[in-house]
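Subject: Handing over the structure

Dear colleague,

After them I go through what was found, one topic at a time.

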Amino acid sequence: MEDCDLFDKDPEKLAELVVQLQESSKENPQSVPLQRADLRDAALECGFVELDEDYDILLRDVCIRAAKSQISQTDTDDSRIIQAVEALDDIDKNVNELSERLFEWYGRYFPELEMTGEELARFVSAYGSRTNVPEDHEMSEKASSSMGAELLFADEELLRTFANNICSLYDTRRYIENYINTSMGSVAPNLCEIAGASLGARLMSMAGSLEKLAAFPSSTVQVIGASRALFKHLRSRAPSPKHGIIFNNPVIKNAPWWQRGKLARALAAKISLAARTDFYSGELDPSIKEALDKKLEHIRQANPNPPERK
Amino acid sequence: MEDCDLFDKDPEKLAELVVQLQESSKENPQSVPLQRADLRDAALECGFVELDEDYDILLRDVCIRAAKSQISQTDTDDSRIIQAVEALDDIDKNVNELSERLFEWYGRYFPELEMTGEELARFVSAYGSRTNVPEDHEMSEKASSSMGAELLFADEELLRTFANNICSLYDTRRYIENYINTSMGSVAPNLCEIAGASLGARLMSMAGSLEKLAAFPSSTVQVIGASRALFKHLRSRAPSPKHGIIFNNPVIKNAPWWQRGKLARALAAKISLAARTDFYSGELDPSIKEALDKKLEHIRQANPNPPERK
Amino acid sequence: MPVRELSSGIYELDIDDRKMLATRNMIPGMSVYGERLITEDDTEYRQWDPSRSKLGAMVLKNFDIPLKSDSIVLYLGAASGTTVSHVSDILTDGLVYAVEFSPRTMRDLIQLCDQRPNIIPILADANKPQSYAHIVEKADVIFQDVAQPNQAEIAAINSKYFLEEHGHLMLSIKSRSIDTVASPKKIFKEEVRKLESGFDIEFEVLERKELEPFHEDHLGLVAKMFVDDEE
Amino acid sequence: MPVRELSSGIYELDIDDRKMLATRNMIPGMSVYGERLITEDDTEYRQWDPSRSKLGAMVLKNFDIPLKSDSIVLYLGAASGTTVSHVSDILTDGLVYAVEFSPRTMRDLIQLCDQRPNIIPILADANKPQSYAHIVEKADVIFQDVAQPNQAEIAAINSKYFLEEHGHLMLSIKSRSIDTVASPKKIFKEEVRKLESGFDIEFEVLERKELEPFHEDHLGLVAKMFVDDEE
């Protein structure tokens with residue numbers, strides 16, 4: 001029990017030790033014997049602590065520190081991208097709802113405008129009342145002959161402020177998109193090259209992490225996102241999903257329908273490989289893209305025409 | 001048929017005439033005989049138009065102008081307040097959702113903060129990383145001992161931008177509230193005095209207009225807002241509603257439970273009277289408030305103690 | 001692609017073995033509410049979704065549709081113009097007076113009127129026909145689709161003012177606007193009774209069918225006025 | 001207000017003729033997850049909602065609860081600490097090792113640990129007991145509530161490492177984590193069979209009841225390990 005002297009009672013250092021031991025034994029079930037010395041008994045015996053309560057207090061302090069330190073380490077590169085993707089989705093949803101309110105509200109004053117979303121918010125922010133629309137503006141004629149009511153100053157100020165909020169949210173949306181694009185290039189260069197930054201980030205988000213995405217078989221990668229749509233379909237009246245989100249990739253979306261299944265399988269296989277390469281090496285491997293392009297070309301050439309109707 | 005000369009063919013003036021005739025005959029079913037001259041025949045006969053098609057074209061032009069002019073007149077004082085109330089509700093809902101996202105996101109970096117909503121957004125906007133929290137700030141100790149991860153510069157900028165968006169929405173929220181308070185004072189001074197600006201505006205919004213609110217019996221006023229909660233209750237699992245929104249008035253909310261029913265009835269009666277006075281005269285009548293206060297005091301004095309349990 | 005004319009100006013198209021209701025598009029290239037446009041033999045058709053239109057459902061329920069290319073129609077409850085646009089397609093030489101009560105909805109309807117020369121918009125309450133009696137002429141057909149409790153009465157007073165002696169009344173009755181609790185069958189029976197003998201004018205009901213599966217708890221009905229000799 | 005002790009440290013309060021499950025609040029004045037605080041005879045109780053806690057439901061289902069004031073408990077699947085906080089109340093002289101896998105959830109749990117001296121948080125995967133075997137001592141009771149397919153196996157390997165010879169295993173089995181399609185009854189039967197004879201250690205099941213109406217498709221179970229003489 002002379003080991004006791006090897007440790008001092010600094011909880012910070014002990015916490016580090018606990019984390020290290022935990023990490024090192026995690027993947028090896030045999031590493032810790034079932035019959036082992038009881039830590040409490042050992043600590044008391046060698047006088048590392050004097051009382052049972054002292055042991056409790058020290059152990060708790062050490063474990064809280066260890067857990068906190070493990071938590072602070074969960075802010076990984078991929079988890080930051082995933083947070084950004086989720087924030088992007090939230091902003092999309094909320095900015096849409098706010099834009100609809102602006103459409104309804106401003107529609108009382110200029111119903112002929114036929115703008116929605118960001119375009120509408122920029123317009124209201126720029127001009128406010130339709131009497132401010134300059135003559136050379138393409139909406140000038142509609143503005144002057146509108147059936148909308150006159151917009152009073154107080155309401156105009158309110159609408160412009162509200163429209164400014166919406167514009168700022170659209171700006172932030174774009175900012176987050178750029179962040180995702182930039183981060184993906186360094187965090188998952190292969191995934192980024194094969195799937196594209198946005199789709200790659202979304203795949204990571206739906207899988208939960210780059211590690212989990214790398215562990216999926218490519219048949220799973222092919223339908224990621226479909227189960228989400230399926231739930232939506234079951235809960236509301238959304239249409240039933242046919243494919244996972246990789247079908248948003250132009251390779252698939254722009255292909256004739258009879259090639260899509262085959263192209264999607266090929267793309268999913270390389271996405272899966274790209275995720276693994278990113279997770280284990282982190283280096284861009286141009287050969288993945290070369291192989292993919294070759295495979296896609298092969299599929300296109302082998303299936304030039306739609307199959308015969310049965 | 002010499003009447004023809006009385007009108008010129010200016011569609012704008014004819015449209016005004018159509019609106020006038022419509023308004024004047026609206027409330028009087030006997031004003032227009034069943035057997036009346038056919039306008040088309042008359043117009044053709046007296047040479048006001050030459051061809052059937054000319055009549056069609058003119059009539060359509062006139063009717064479109066008339067309808068547009070009627071639409072532009074629907075932007076009434078109360079309808080503007082109602083729009084503002086609806087915008088307020090939308091902002092509330094969306095800013096809450098965005099705040100929750102900020103809570104989740106920033107929580108990775110400072111989980112001990114225990115702030116939510118606007119307070120959180122102002123904090124993130126002001127400091128960003130918890131390393132920027134000044135020493136004399138009440139969160140300073142929590143910030144320095146936080147289990148949160150280190151906030152990198154790119155993420156900090158993103159979070160601050162996002163927090164700024166949320167702060168702006170809270171600002172707009174306050175701006176709209178002020179607008180409603182101010183407008184209510186001039187549009188519905190009695191309703192404003194009896195129910196308060198916010199509750200009064202909400203009652204108008206739920207009734208659809210000041211006119212409709214004025215037409216409701218006071219028993220209906222008492223439960224306005226309950227049916228909405230009832231629908232919500234039926235659709236989701238929200239709790240079943242007990243009272244309409246007038247129960248949010250401090251007169252009711254701060255009263256002991258056994259007085260609430262009686263106080264609500266008295267308040268609803270005076271709200272109803274106030275809405276009518278606002279709709280028909282528009283002038284503040286201080287006697288309504290005096291009578292209400294007297295009545296409330298009477299109820300309080302007559303029911304000092306809870307009823308015996310049966 | 002086979003095209004069959006079901007009634008004047010109303011077509012059935014066969015696309016990929018699926019039948020589709022349609023009218024000829026008066027303004028080629030322009031879709032009114034997102035409906036599909038199909039071109040065949042230089043003619044553009046607009047898909048007509050019966051689940052979004054009571055009149056469309058009545059066509060598929062094999063009602064005899066009294067609309068002709070030169071009819072004058074009074075349309076009560078025009079809403080934002082989904083069905084009105086198809087009526088406008090049908091009336092190549094006719095006119096439709098489109099009455100709608102909600103200013104918000106009328107805003108959308110006017111955008112449609114701006115494009116189509118045979119729709120005359122009227123912002124008014126169908127309960128008060130005297131308020132548009134200066135403008136509206138005698139109509140060959142009154143089509144009514146209003147969600148109000150007194151649907152039969154509205155039909156009667158408008159018919160008194162505007163229906164031609166031998167004109168037709170087309171009615172879509174929504175039971176839940178009349179009574180949310182009572183059984184639809186019972187409500188429909190009572191409404192038909194009212195039309196036949198409840199007012200100072202009487203109708204002869206020519207056809208009546210429920211509009212399921214396109215619209216739940218809706219009755220479609222076509223009637224003629226009894227011509228009163230004394231009048 | 002009558003207060004009855006149902007089991008060591010677990011109380012039933014009678015409030016306005018309604019019975020309420022509760023524990024004595026170790027940190028008076030502090031509500032952990034918004035639950036109600038009730039003071040009676042200078043003692044503060046915290047309401048324990050059985051529909052938010054498998055252990056609470058097991059109490060109301062009349063299980064014999066093996067927790068004593070000085071027990072050492074290993075709690076697998078601590079989540080954000082709703083139930084752990086009540087266990088902490090019960091163990092006035094004991095200790096609970098709270099294992100939770102999700103860092104996000106552990107964040108909330110740690111806030112609870114900061115306030116309560118008898119909870120030791122461990123961020124780890126209950127599938128890998130060797131990773132916390134350096135820290136956790138032998139336990140009188142293992143309570144397990146994890147939503148994973150191999151619930152019985154996790155219970156077995158943790159019991160091997162940590163359960164005292166005469167200690168108790170308390171298990172909440174969620175059928176839908178094991179199989180979303182098969183019938184819960186069938187799943188429960190198979191899980192019990194596994195515990196009794198499926199691993200290299202065997203359990204004697206003392207009590208088993210479904211936790212309805214508090215939790216749908218959940219089985220509550222209390223077992224003891226068979227002590228193997230050879231070991």
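Which residue is the bridge partner of C:Ile72 in β7(C)? The bridge partner is C:Leu95.

Before I go on, please note that this is a predicted model, in which local features need pLDDT of at least 70, side-chain atom pairs count only at pLDDT 80 or more, and totals for chains, interfaces and linings use all residues. Residues are numbered from 1 along each chain as its sequence is written, chains are lettered from A and ligands numbered from 1 in the order in which they are written, and side-chain values use heavy atoms, with hydrogens and water left out.

The sheet of chain C

The pair in the question belongs to strand β6 (residues 72-76) and strand β7 (residues 95-100) of chain C, which run parallel and are joined by five bridges. Helices (H or I, at least four residues) and strands (E, at least two) are DSSP runs, numbered from the N terminus, and two strands count as paired if DSSP finds at least two bridges between them. In general, strands of a sheet pair through backbone hydrogen bonds, either parallel or antiparallel.

In chain C, seven strands form an open sheet with mixed pairing, in the order β8-β7-β6-β9-β10-β12-β11. Its edge strands, each of which pairs on one side only, are β8 and β11 (203-210) of chain C. Neighbouring strands of this sheet are turned by 15° against each other on average, direction ignored; the axes are lines fitted to C-alpha atoms, for helices over the stretch in contact, and angles run from 0 to 180 degrees between N-to-C directions.

Helix α4 (residues 151-162) of chain C packs on this sheet, where it touches β6, β9 (139-144), β10 (163-174), β11 and β12 (218-225) of chain C, and its direction makes about 160° with that of β10(C). Helix α6 (residues 184-197) of chain C also packs on the sheet, touching β10, β11 and β12 of chain C, with a direction that makes about 165° with that of β11(C). Contact here means heavy atoms within 4.5 Å.

The sheet of chain D

In chain D there is an open sheet of five strands, with antiparallel pairing and the order β1-β2-β3-β5-β4. The edge strands, β1 (3-7) and β4 (37-40) of chain D, each pair on one side only, and the twist averages 40° from one strand to the next. Four bridges pair β1(D) with strand β2 (residues 10-15) of chain D in the antiparallel sense, and D:Ser7 stands opposite D:Ile10 in β2(D).

Backbone details

The peptide bond from C:Glu212 to C:Pro213 is cis, with omega near 5°, and C:Pro213 has its place in the loop between β11 and β12 of chain C. In chain D, a cis peptide bond joins D:Glu212 and D:Pro213, with omega about 5°. C:Asp42, which lies in the loop between β4 (37-40) and β5 (43-47) of chain C, has a phi near 65°, a positive value in a residue other than glycine.

How the chains are arranged

Chain A can be laid on chain B with an RMSD of 0.1 Å by a turn of 180° and a shift of 0.0 Å along the axis, so the two copies are related as by a two-fold rotation axis. For this, copies are superposed by least squares on the C-alpha atoms of residues with pLDDT of at least 70 in both. Of the residues of chain A, A:Asn94 comes closest to the rotation axis, at 2.8 Å (C-alpha). Of the five pairs of chains in contact, chains A and B share the most contacts, whereas no contact joins chain C and chain D, whose closest C-alpha atoms lie 33 Å apart.

With best wishes
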